[in-house]
Amino acid sequence: MKKLIVTFAFLLVAQFGFSQAVDEVFQKDVMKVIERSGAAGQMTSAKKQILKMIPEEKQAAFLTEFDTLLPKVYEATAKVYMEEYTKDDIKAMLAFYDSPAGKKMGEKAEVIASKSQDAMKDLQGDIQALVMKYMQ
């Protein structure tokens, strides 16, 4: 009986260790998807937009703190991906981002984000008017 309990305990510990290793692989794959998707470019675009609102004498300190915050942003994003996507989904995304079209999409992410933000500025008044129309 004692051998059975020890064997069972060993199997539980081994299973737990194996599942953690699999989750680490999954998390690494998710981080690759986030990186290859151009998320860094999108964050760079957002950072440039925010930087315009920061007084020049405070910009260096802001950039230091902003860049320190980025790993936390990517970790939080990875957690969401791991909740919403399966391991097979992530593998398929990696395959796409390794394709020529996927690579181009990742490379253009900052440009697309920047141009989209500019386009939204032009529409902001229209959107605001629409919201006000229905809020009354």
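Guide: A residue is called buried under 20% relative accessible area, exposed over 50%, and partly exposed in between, using a 1.4 Å probe and protein chains only. Lysine 48, at 47% relative accessibility, counts as partly exposed. This is a predicted model, in which local features need pLDDT of at least 70 and side-chain atom pairs count only at pLDDT 80 or more, while totals for chains, interfaces and linings use all residues. Residues are numbered from 1 along each chain as its sequence is written, and side-chain values use heavy atoms, with hydrogens and water left out.

Visitor: How many salt bridges does the structure hold?

Guide: A salt bridge is a side-chain nitrogen of Lys or Arg within 4 Å of a carboxyl oxygen of Asp or Glu, and the structure holds 6 of them. One of these joins the side chains of lysine 48 and glutamate 110 at 2.8 Å, N to O. That pair links distant parts of the chain, with lysine 48 in helix H2 and glutamate 110 in helix H5 (residues 100-135), 62 residues apart; helices are DSSP runs of H or I, at least four residues, numbered from the N terminus.

Visitor: Which residue forms a salt bridge with lysine 47?

Guide: Aspartate 67 does, the closest N and O atoms being 2.9 Å apart. Aspartate 67 lies in helix H3 (residues 59-84) and lysine 47 in helix H2, so the pair ties together parts that are 20 residues apart in sequence.

Visitor: Is lysine 47 buried or exposed?

Guide: Lysine 47 is buried, with a relative accessible area of 16%, whereas aspartate 67 is partly exposed at 39%.

Notes. Helix = DSSP H or I, 4+ residues; strand = E, 2+ residues; numbered from the N terminus.
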